[in-house]
Amino acid sequence: MSISVFRSTDSWWVKTPDGAAEIDTPATTTAELLRDRAAVSAAVIERTSVPLESLDLVSPVTAPCRVVAQMTNYVSHVTDSGMDPKTVPMTFFRKTSGSISGPFGDVIKPDHVRFLDYEVEIGLVIGRSIPVGTIIDENNIVDYIAGLVVTNDVSARDVQLPKTQFYEAKSYPTFTPVGPSLVLLEEGDLKRFDDLRLQLRVNGQIRQNMTVRGDMIYGPLSALQALTKFQRLDEGDLILTGTPGGTALKAPAKPIEILASLLPPAVKWKSFFSAQAKNPNYLQDGDLMELSIATDDGHLDLGTQRTVVRFTR
């Protein structure tokens, strides 16, 4: 069975039947913790525990680290974006690790951003160094993926689209909430990856609800095989694997898109965002986002993340 690890401001913890047991480790980073699996295993059988809800939890993935994200990687999201799932390529972009925040904190919208969006994603946490050129296949992929986390790829759409600037639009502080738990995978767990269901609610209303199976286009194996051609990865690095359909952003109808393509860029984007301003699904000040990822039978459960949107003044 998988092991759920949590991090508070000054300690690491493991989930037990009675709550959470402290891990006796000097580790201060995720990478260091992953190298101290003996301490994690020892904590699992620890009899002394505290209520999990009594802990002030922070992200179980520590910065600095590499944060790499897959783009348009679910059929439903590709369709929402007005593209053809059969021809969409595997694409990556980077986020700053400074955007990582905790699972129960606030998501802060910068003052200049108008259109703030959400994206629930499964995060892969790398468990050992992967130099460029490493051969990864179905037999050894479990050696490289230590665990899974809930992530939210928060996006400033009015920065991302006109500037085609993913790095900035998705890298503001608090734009990558992570956790609550880092679920360390045991033998056979990764085989249940396709059964994971991603859900995101805003103020109790379901916005995203999809299982990996039949919707994800490029799975973890394909992603790692592509990345190892050019990108070194190390323990504690984080890979976001894309989001299903249901985000606030939707592509315009084809006739409108064709007409817009004939306009100068400045005019096109002004018209586009004028239309988007009528969309009530973009995040507003005080909105509560609840993100959960689990198999329907509970065999894998990454927990539920709850964050509140706050607008700067």
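**Figure 1. Lining of the second largest pocket in the predicted model.** Helix 6 contributes three residues to the lining of the second largest pocket, the largest share that comes from any element, and the structure shown here, as in every view below, is a predicted model. The pocket has a volume of about 640 Å³, and the elements that give two or more residues to its lining are strand 11 (145-152) and helix 6 (220-227). In total, 24 residues line this second largest pocket, and Glu138, Ile141, Val142, Asp143 and Leu190 are the ones that lie nearest its centre. Sorted by class, the lining of the pocket is made up of eleven nonpolar, nine charged and four polar residues.

Figure 2. The relative accessibility of Leu148 is 1%, and because buried means under 20%, Leu148 counts as buried. Leaving aside neighbours within four places in sequence, Leu148 is in contact with Ile122, Gly123 and Leu124, with Ser181, Leu182, Val183 and Leu185, and with Phe193, Leu196 and Leu302.

**Figure 3. Val107 and its contacts.** Val107 is found in strand 8, which spans residues 106-109, and with a relative accessibility of 0% this residue counts as buried. When neighbours within four places in sequence are left aside, the residues in contact with Val107 are Leu116, Val154, Thr174, Phe175, Pro177, Met289, Thr307, Val308, Val309 and Arg310. The C-alpha atoms of Val107 and Leu288 are separated by 9.8 Å, while along the chain these residues are 181 residues apart.

**Figure 4. Gln199, a buried residue of strand 15.** Gln199 lies in strand 15 and has a relative accessible area of 16%, which means that Gln199 is buried, since the limit for that class is under 20%. The side chain of Gln199 is joined to that of Arg201 by a polar contact of 3.4 Å. With neighbours within four places in sequence left aside, Gln199 is in contact with Val120, with Ile206, Gln208 and Asn209, and with Glu290, Leu291 and Ser292.

**Figure 5. Arg157 and its polar contact with Glu119.** Arg157 lies in helix 4 and is buried, with a relative accessible area of 2%. A polar contact of 2.7 Å joins the side chain of Arg157 to that of Glu119. Glu119 is also among the residues in contact with Arg157 once neighbours within four places in sequence are left aside, and the others are Phe115, Asp117, Pro162, Lys170, Thr247, Leu249, Phe273 and Tyr282.

Note on methods. Residues are numbered from 1 along each chain as its sequence is written. This is a predicted model: local features need pLDDT of at least 70, side-chain atom pairs count only at pLDDT 80 or more; totals for chains, interfaces and linings use all residues. Side-chain values use heavy atoms; hydrogens and water are left out. On a 1 Å grid over the protein atoms alone, a cavity is a set of points where a 1.4 Å probe fits but cannot get out, and a pocket is an open set with protein on both sides within 12 Å along at least five of seven lines; lining residues have an atom within 4 Å of a point. Grid points are joined across faces, edges and corners, and a volume is the space filled by probe spheres set on the points. Helices (H or I, at least four residues) and strands (E, at least two) are DSSP runs, numbered from the N terminus. Ala, Val, Leu, Ile, Met, Phe, Trp, Tyr, Cys and Pro count as nonpolar, Asp, Glu, Lys and Arg as charged, and the others, Gly among them, as polar. Buried means under 20% relative accessible area, exposed over 50%, partly exposed in between (1.4 Å probe, protein chains only). Contact means heavy atoms within 4.5 Å. A polar contact is a pair of N or O atoms within 3.5 Å; within protein, one must be able to donate a hydrogen and the other to accept it, and residues adjacent in sequence count only if both atoms are side-chain atoms.
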